[in-house]
Amino acid sequence: MTDPISKGLLPEGFRDRLPPQAEAAADLLRTLLDQVSAHGYERVSPPLVEFEDSLVTRLSSARPQDLLRFVDPLSQRTLALRPDITAQVGRIAATRMAHIARPLRLAYGGPVLRVRPAQVGPQREAMQMGAELIGSDHVDAVVELLGIALEALSAAGLTDMSVDLTLPDLVGTLAAGPWPVTEPLADVQTALDGKDAAALQALGAAQYSTLIEAAGPADTALARLKALDAAGALDTRIAGLERLVATAAPHAAVTIDPTERHGFEYQTWIGFSVFAAGVRGEVGRGGTYLVRHPGGGEETAVGFSLYVDGLVDAGLGASRRRRLFVPLGEAAQAAKLRAEGWTTVAALTDADTPARLRCDYALKNGELIKL
């Protein structure tokens with residue numbers, strides 16, 4: 001039998017980041033956070049582990065089966081490793097920062113752990129970075145967050161991006177107003193998920209097939225949405241979509257799928273996903289949602305999460321550092337060179353050489369020699 005410990009094996013879905021990818025991940029995280037911080041978002045750092053009930057009650061879509069859980073030997077309560085940091089930021093905003101004036105702008109960055117891999121890729125651990133604006137879900141707030149997300153990704157070196165906009169609560173809103181349904185709403189939503197116009201016809205909800213036809217490039221989708229007879233129920237949403245398309249257009253191609261729900265289980269009136277050529281799966285996603293407060297109250301919010309690992313795998317952030325070999329006795333000059341931006345690697349014995357220490361340059365008699 002193979003001994004996984006002696007082979008250095010890791011559990012399924014986990015991996016080591018080695019040089020230079022580990023450095024690239026750290027640099028990208030810092031770049032993204034710096035971009036967000038410049039817009040007034042203050043960083044918080046919640047713990048990797050929380051009480052299970054705190055994680056599953058803060059956002060409406062969280063489920064215990066999505067958490068990796070264990071019993072705390074100290075409290076004898078069930079703890080869970082976070083699968084997402086958004087809920088933790090919501091907890092902080094609703095409790096320890098409940099007294100701070102709104103809107104409250106917070107940012108974060110750190111690892112998350114999923115019970116199961118995402119649909120794209122085998123990894124169960126991910127580096128998540130994001131920003132949340134607590135206290136408003138107005139279109140102006142969404143415009144701010146979407147713009148910041150795209151600016152941050154551009155600063156990280158990402159190009160050829162696309163943004164997909166969706167209206168997660170649209171079907172429920174129409175069903176409760178101008179387009180009532182006789183069959184269970186869940187059946188109608190399932191048919192829309194499958195883009196199944198025949199199923200909608202069989203459910204007596206044929207008018208909803210026009211929402212399938214409305215999916216596509218932003219200009220075409222907006223025109224088709226404006227043509228729908230929805231008794232004004234779409235007016236504010238269309239106006240919001242137009243603002244968001246104008247915000248995203250300088251950075252990315254924009255598409256609209258008004259009924260997309262997958263991954264937007266806790267979003268309210270708007271959701272967005274960001275993709276890019278050369279990056280597997282989503283680069284990030286965001287939208288509006290509700291934060292639950294102690295006692296049952298709710299507060300509107302909008303935010304986004306970006307996933308650093310896909311950027312690293314696409315080769316971003318991997319800037320080559322100039323490694324300078326410093327022989328014995330040259331420590332004083334090495335300090336000055338580090339202040340100038342060099343990475344110095346000091347010899348510890350006479351046996352150390354530039355080649356062994358993987359250096360590109362060497363310090364010799366006070367001169368920098370390129371190898």
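Tutor: In this predicted model, L48 is found in the loop between β1 (42-43) and β2 (49-51).

Student: Why does L48 count as partly exposed?

Tutor: L48 has 38% relative accessibility. Buried means under 20% and exposed over 50%. The value for L48 lies in between, so L48 counts as partly exposed.

Student: Which residues make the nonpolar surface patch of about 210 Å²?

Tutor: L48, V49 and F70 make that patch.

Student: How many aromatic pairs does the structure hold?

Tutor: Three. One of them is formed by Y266 and Y289.

Student: What makes the pair of Y266 and Y289 edge-to-face?

Tutor: The planes are at 90°, with 5.5 Å centre to centre. Pairing needs centres within 6.5 Å, and edge-to-face needs planes over 60 degrees apart. Both conditions hold, so the pair is edge-to-face. Y266 lies in the loop between β9 (252-256) and β10 (267-276) and Y289 in strand β11 (residues 284-292), so the pair ties together parts 23 residues apart in sequence. Y266 and Y289 are buried.

Student: Why is the pair of W342 and Y361 called edge-to-face?

Tutor: Its ring centres are 4.9 Å apart and its planes at 80°. The angle is over 60 degrees, so the pair is edge-to-face.

Student: How do you know whether W342 is buried or exposed?

Tutor: Its relative accessibility is 11%. That is under 20%, so W342 counts as buried. Y361, at 18%, also counts as buried.

Student: What sits over the ring of W342?

Tutor: The charged end of R322, 3.8 Å from the ring centre.

Note on methods
Residues are numbered from 1 along each chain as its sequence is written. This is a predicted model: local features need pLDDT of at least 70, side-chain atom pairs count only at pLDDT 80 or more; totals for chains, interfaces and linings use all residues. Side-chain values use heavy atoms; hydrogens and water are left out. Patches are made of residues with over 30% relative accessible area and no salt bridge: like charges are joined within 9 Å, nonpolar side chains (Val, Leu, Ile, Met, Phe, Trp, Tyr) within 5 Å. Accessible areas come from the Shrake-Rupley method with a 1.4 Å probe; for residues, only the protein chains shown count as cover. A salt bridge is a side-chain nitrogen of Lys or Arg within 4 Å of a carboxyl oxygen of Asp or Glu. Helices (H or I, at least four residues) and strands (E, at least two) are DSSP runs, numbered from the N terminus. Buried means under 20% relative accessible area, exposed over 50%, partly exposed in between (1.4 Å probe, protein chains only). Rings of Phe, Tyr and Trp (its six-membered ring) pair if their centres lie within 6.5 Å; planes under 30 degrees apart count as stacked, over 60 as edge-to-face and the rest as tilted. A charge sits over a ring if NZ of Lys or CZ of Arg is within 6 Å of the ring centre and within 35 degrees of the ring normal.
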